[in-house]
Amino acid sequence: MAQPLMPHATASWLVENTALTFEQIADFCGLHILEVQAIADENTPTKLIGRDPVRSGELAQSEIDKAQANPDYRMTMLKGPEQLRRTKGPRYTPVSKRQDKPDGIAWIVRNHPEVTDAQISKLIGTTKTTIATIRDKSHWNIQNITPKDPVTLGLCSQRELDALIAAAAKKAGIVHEDRTFGADRDALIEQLRAEREAAAHAGEEGIPAPHEITAENLFRK
């Protein structure tokens with residue numbers, strides 16, 4: 001059964017402005033009768049501002065009249081509240097986070113210039129004009145914009161950001177070099193050099209040196 005968009009506020013209005021029973025109000029609003037009782041006794045945690053279901057188009061005055069004349073009558077809604085649907089537009093960002101968008105955009109622009117304005121717009125939920133002004137530093141608040149990781153700011157998830165960067169890099173033909181092997185190789189060469197010096201020192205003292213291993217032989221394959 002459809003319920004009012006704001007059931008508690010609607011119940012508050014019906015309690016104050018009609019002679020309906022608590023059972024009728026509870027049934028119409030989808031609440032427990034004890035909740036309606038609490039509203040009537042003003043025992044709710046917060047003060048409710050009544051919402052007129054007649055004015056909002058959810059209930060006809062004729063339904064209220066019928067219910068007031070017959071305690072067993074159950075009112076029927078004219079229409080249910082409009083359901084919000086996800087559109088193909090920009091990502092929705094809570095108001096509290098919108099002021100952080102320029103910082104997140106600046107971080108992506110600085111650290112990943114290969115990411116296009118369209119990709120940033122879709123990830124952050126902003127306009128291409130805003131991104132362009134941050135790129136060319138003509139944004140009206142550019143002096144107060146500090147590049148910050150959009151994941152830390154809560155503008156997107158780490159998985160979304162990583163996927164975006166990987167897609168942009170692939171499209172731009174950028175190969176991110178894995179420096180792990182290079183670092184390990186340098187460390188191993190340094191270790192071998194130390195062992196060779198130790199072996200040479202041992203030879204000078206008359207101690208037979210072990211078989212010499214060079215970095216060239218080790219990495220020949």
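This is a predicted model: local features need pLDDT of at least 70, side-chain atom pairs count only at pLDDT 80 or more; totals for chains, interfaces and linings use all residues.
Does Lys137 count as buried or exposed, and at what relative accessibility? At 62% relative accessibility, Lys137 counts as exposed, where exposed means over 50% relative accessible area, buried under 20% and partly exposed in between, with a 1.4 Å probe and protein chains only. Residues are numbered from 1 along each chain as its sequence is written, and side-chain values use heavy atoms, with hydrogens and water left out.Lys137 sits in the loop between α8 and α9; helices here are DSSP runs (H or I, at least four residues), with strands (E) needing at least two, and both are numbered from the N terminus. Its backbone has a positive phi of about 60 degrees, although Lys137 is not a glycine, and this comes just after α8. The loop between α8 and α9 also holds His139. At 10% relative accessibility, His139 counts as buried. Leaving out residues up to four places away in sequence, His139 touches Thr130, Thr133, Ile134 and Ile145, a contact being heavy atoms within 4.5 Å. Between His139 and Thr129 there are 9.5 Å from C-alpha to C-alpha, at 10 residues apart in sequence.

Helix α8 itself has two sides. Ile131, Thr133 and Ile134 are buried in α8. They lie on the same side of the helix because they cover an arc of only 165 degrees around the axis, the arc being that of the directions from the helix axis to the C-beta atoms. Lys128 and Thr129, on the other side of α8, are exposed. What do the buried residues of α8 pack against? Their partners are α6 and α7.

The axes of α7 (residues 117-125) and α8 (residues 128-135) come within 9 Å and cross at roughly 115 degrees; axes are lines fitted to C-alpha atoms, for helices over the stretch in contact, and angles run from 0 to 180 degrees between N-to-C directions. The crossing is right-handed, meaning that the near helix is turned clockwise from the far one by less than a right angle, with anticlockwise giving left-handed. On the α7 side, Asp117, Ala118, Ile120 and Ser121 meet Lys128, Ile131, Ala132 and Arg135 of α8. These contact residues divide into 4 nonpolar, 1 polar and 3 charged.

Ile120 turns up again in the largest nonpolar core, which has 19 residues. Such a core is a set of buried Ala, Val, Leu, Ile, Met, Phe, Trp, Tyr and Cys residues joined through side-chain atoms within 4.5 Å. Those with the most contacts inside it are Ile105, Ile108, Val115, Ile120, Leu123, Ile124 and Leu161. Two or more residues each come from α6 (101-111), α7, α8 and α9 (158-172), and α6 gives the most, with 5 residues. Ile108 touches Pro113, Val115, Ile120, Leu123, Ile124, Pro150 and Leu161, not counting residues up to four places away in sequence. Apart from this core lies another, of 16 residues, among them Trp13, Phe28, Leu59 and Met77.

Ser12, in α1 (residues 7-17), counts as buried at 4% relative accessibility. Its contacts, leaving aside neighbours within four places in sequence, are Ile39, Leu48 and Gly50.

Note on methods:
Ala, Val, Leu, Ile, Met, Phe, Trp, Tyr, Cys and Pro count as nonpolar, Asp, Glu, Lys and Arg as charged, and the others, Gly among them, as polar.
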